[in-house]
Amino acid sequence: LVKLNNKKYGSESFIGMHQYEREYANDEPWPMHVRRLAEKVGIDCDMTILNVGINDGKEMEGLDNKIIGLDLCDQAMEQGIRDYNNICFIKGSANDLPIPTASVDAYISFRTLCVTGIYETQALLEANRALRNGGTILISLPTVTYDKGSILVKSKYNIEACNKDELNKDAQKFYRLLEDNGFKHLQGYKNGVEDFISGVKA
């Protein structure tokens, strides 16, 4: 197994970069953006969500759901525990989810399944196992990266639905993997910073 640099992924500079990428792409605050995205893919406020790669929890701002947040970085999760009372933080990997079978209604993972050390097929098998029948999966892959003072051009669109061929190469690969692992009703979305794919456990 590849050991992730947990200190890096919990650092203030990394968290700041991560949030900047999201905020800069959109004309609306991220909490409003993620709420609108959840509504588009059918994630209701009464659903229990598993967020894999939650970091400090900021990417779930805007959702009042009961949320199980999974991450490997102690530093980031300690901050999240202080900031959010609707999130239960658990240490663990996407490759081996420490939660019961068929225990959540939605699985969300933003920019995590492409990280070194994640075994893509195994992670999606685990997502399928954790979801209840009819549950929703929502994942994203980055399309731009902000680093060392780079300047991002704000996108001219906001959560546009797209077909599979309009997704970037990495997202197209995950689209096929989702199909191969039994997810149905797949739909792609773009927001200028990430390509999203949603689907339903059959």
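In this predicted model, helix α4 spans residues 74–83, and its residues Ala76, Met77 and Gly80 are buried. These three cover an arc of only 95° around the axis, which places them on the same side of α4. Ile81 and Arg82, on the other side of α4, are exposed. The buried residues of the helix pack against two strands, β2 (67–71) and β3 (87–91).

Two aromatic pairs are found when the whole structure is searched. The geometry of each is set out below.

| Pair | Distance between ring centres | Angle between planes | Arrangement |
|---|---|---|---|
| Trp30 and Phe110 | 6.1 Å | 85° | edge-to-face |
| Phe110 and Phe196 | 5.7 Å | 90° | edge-to-face |

The pair of Trp30 and Phe110 links distant parts of the chain: Trp30 belongs to helix α3 (residues 30–40) and Phe110 to strand β4 (residues 104–110), 80 residues apart. Trp30 has a relative accessible area of 0% and is therefore buried. Phe110, with a relative accessible area of 1%, is likewise buried.

In the pair of Phe110 and Phe196, the planes stand at 90°, so the rings meet edge-to-face. Because Phe110 lies in strand β4 and Phe196 in strand β8 (residues 194–201), this pair ties together parts that are 86 residues apart in sequence. Phe196 counts as buried at 1% relative accessibility, the cut-off for burial being under 20%.

Trp30, Phe110 and Phe196 form one aromatic cluster.

Methods: Residues numbered from 1 in each chain as written. Predicted model: local features only at pLDDT ≥ 70, side-chain atom pairs only at ≥ 80, totals over all residues. Heavy atoms only, no water. Buried < 20%, exposed > 50% of the residue type's maximum accessible area, 1.4 Å probe, protein only. Helix = DSSP H or I, 4+ residues; strand = E, 2+ residues; numbered from the N terminus. Arc of directions from axis to C-beta. Contact = heavy atoms within 4.5 Å. Phe/Tyr/Trp six-rings, centres within 6.5 Å; stacked < 30°, edge-to-face > 60°.
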